[in-house]
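Dear colleague,

I am handing over the structure we spoke about, and I would ask you to keep it open beside this message while you read. My notes on what was found in it follow directly below.

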Amino acid sequence: MFKIAETENPTGKETMAPLLEVQHLVKKYGALTAVDDISFAIGQGICFGLLGPNGAGKTTTLEVIENILASTSGDILYRGRARTNQFKNEVGIQFQNTSLLAMLTVWETLQIFKGLYEETEDLDVLVDQCQLQEFKHQRHEKLSGGQRQRFLLALALVNRPHLVFLDEPSTGLDPQARHNLWHIVNTIKASGKTIVLTTHYMEEAQHLCDEVAIMDHGRIIARGAPEALIRTHCHGVTVVLPRRSFKKPPTALPLDLKEINGAVHIQTSNIDACLKQLLSCEVDLSDMSVNSPNLEHVFLNLTGRHLRD
Amino acid sequence: MRFKRIWIMFKARNWEFFRDRASFGWNFLFPFLLVAGFGILFGGKEYTAYKIGVFPATRNPLPVAELKLPEAFKKTRFLQFVGFATREEALAKLRHHKVDLVVRAGSPPYRYWINDSSPQGQLAEKIFQASLSGPPDPALLQREQIHSTEIRYIDWLFPGILAMNMMFSALWGVGYIVVRYRKNGALRRLKATPLTAFEYLSAQMLSRLFLLMFTLLVVWFGCDLIFHFNVAGSLVSIFVMFFLGSLSLTALGLVLAARGTSEEFTTGILNFISWPMMFLSEVWFSLEGAPGWVKQFAQIFPLTHLLRGVRKIMNDGAGLLDVMPEILVLVMMTGLFLGLGAVLFSWDR
């Protein structure tokens, strides 16, 4: 059983009532408990990240909140009340895996989805925002991975949602397409919308999220602002050196170190002292790198596993 | 091209097929059921080339040996004798090509009727005449012809073909497509919008109705240019009947689309429903002479009532009031199917 690690006042923005509250949510599939009694609240205007390895229960949690799946038990409150039919009008959803009606162009599909909502965004604005100008008259089945994700994002925004759910929006994208997508998500965030995002990319979470909840085995094991979580669970920096840089066995050094895949990882909160120690032992520092701790280290410290194990 | 990839995909596809127990089982069950159905309908009997209507006779199957007809005629192979209580009833069937020849049972002269537009009838008449020794004798035979409006076989068959086309289009165009969208997640995406199941199903139904009626008009008037159909009743009434039939068949498609994510299993179910409906609703051939329970069973299909109504209007000149029983049945079936479809519908299961 994990104990939830929580930082105080994670974002500094939660002075107003939360937009969304999840209370003791449980979702079971037969004997399997996919989501195991989780609770959290999301303030207005923030980007909230649900992080965790595959199978941690992120997507299930998201789909229960979205009202796509029914919960086994627990409550979901939107603006302090149980969700009503209006909820669907106020949220935008980008599914991790989805198909759309076949044989339609990007523009036609946007028009169809626009027609399903009461309050909608101007499609030209949306096409510009999501960088779809070049492809808007192309059949959506023909879009590349990055184009398709931007198109799905545009569909999620077609109803001017107050709350946007993005389920692993950049999975499978190349770095350029991913950064492009992050730029768009940041634009959406800047417009004041609340975003709930799932991802297993720590870099993405750190780049986009004001607050994250780390999930593992259906439970939340840590929650807070990324920097606060890192401060709380990781100390100092990691110095990485190839094993061949050491003339003597590194274990002889009075340092907190581990050997991983032929590299020596030294955890230190005093980089100056660490470097002096290494130089005194005639360690070759030409291939040295110094890594700041990230959410991956938080997960590693909390579970003993890597996020993508 | 790499055969390794082809082989891997071949194996993967086979695994998928064999592991989908429902569709796997269905692939065996369906042909069995089809063969069994035909066996029950036609098995244990000789193949009959001609149907001879006999009146007055109330018992079916007819005790042929007891009929007062020429012995040689009764013993002729490949003839099926179908009894009717009255002459009018028998002649109505003759007019609709449901029997090939009508004979009054009794003492000579034997009075018989044929439909001039029926090639089967002409041949059945030759068999009847040949069963009496010598050339046709007016003292023994009394030939009658139907002098009412001619109903050609094509006039009888055409509504059947149109209705069958409607049935396939309605069942597959709705049932199969919705299941495919459920399987690939498109319905799930729609579920996330404010669109309700009722709205979605209504849109599916209306779209299909529009396509069916559009197709009907194009095919009808296109074929009419070539075949010059004899339409005894009102065209508007015929289209009203077809509209009600389309509604009922599309609603049935919605019931089939209500659940399921396996396209192959749905294909099996669609075949299971559409094929018996096609054979038992008299699209291609009459059920005259089939066991009573088969005729009764055929009543469960909307196509039966659609075709009966359309043929009454087209071939007999009936009005909408005359086909009110068929209309009522179709309306009730539509209501039932829509209710079932709405209750059972799931976006993702």
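To begin with chain A, buried residues make up 39% of its 309 residues, and please bear in mind throughout that this is a predicted model. Chain A holds 10 helices and 15 strands, and its C-alpha atoms fill a box of roughly 70 × 45 × 40 Å when that box is taken along the principal axes. If you consider the contacts in chain A with a separation of 6 or more, 72% of them are accounted for by residues 24 or more positions apart.

Four strands of chain A form an open sheet in the order β13-β14-β12-β15, and their pairing is antiparallel. At the edges stand β13 (256-260) and β15 (289-291) of chain A, each with a single partner strand, so one side of each is left without a neighbour in the sheet. From one strand to the next, the twist averages 25 degrees. Within this sheet, strand β12 (residues 237-242) of chain A pairs with strand β14 (residues 263-268) of chain A in the antiparallel sense, over six bridges, and T238(A) stands opposite Q267(A) in β14(A). Helix α9 (residues 271-280) of chain A packs on the sheet, where it touches β12, β14 and β15 of chain A, and the direction of α9 makes about 140 degrees with that of β14(A).

Turning to where the two chains meet, the contact takes 14 residues from chain A and 10 residues from chain B. The side of chain A that touches chain B has, by class, eight nonpolar, four polar and two charged residues.

Helix α12 (residues 302-316) of chain B packs with helix α13 (residues 324-344) of chain B at an angle of about 150 degrees, their axes being 9 Å apart. Because angles over 145 degrees count as roughly antiparallel, α12(B) is roughly antiparallel to α13(B), and the crossing of these two helices is left-handed. On the α12(B) side, the residues that take part are P302(B), H305(B), L306(B), R308(B) and G309(B), and they meet E326(B), I327(B), V329(B), L330(B) and M333(B) in α13(B). Sorted by class, the contact of α12(B) with α13(B) has six nonpolar, two polar and two charged residues.

Notes: Residues are numbered from 1 along each chain as its sequence is written. Chains are lettered from A and ligands numbered from 1 in the order in which they are written. This is a predicted model: local features need pLDDT of at least 70, side-chain atom pairs count only at pLDDT 80 or more; totals for chains, interfaces and linings use all residues. Axes are lines fitted to C-alpha atoms, for helices over the stretch in contact, and angles run from 0 to 180 degrees between N-to-C directions. Angles under 35 degrees count as roughly parallel, over 145 as roughly antiparallel, 65 to 115 as roughly perpendicular and the rest as oblique. A crossing is left-handed if the near helix is turned anticlockwise from the far one by less than a right angle, and right-handed if clockwise. Two residues are in contact if their C-beta atoms, placed from the backbone, lie within 7 Å. Ala, Val, Leu, Ile, Met, Phe, Trp, Tyr, Cys and Pro count as nonpolar, Asp, Glu, Lys and Arg as charged, and the others, Gly among them, as polar. A residue is buried if 20 or more other C-beta atoms lie within 10 Å of its own, exposed if 12 or fewer, and partly exposed in between; C-beta atoms are placed from the backbone. Two strands pair if DSSP finds at least two bridges between them.
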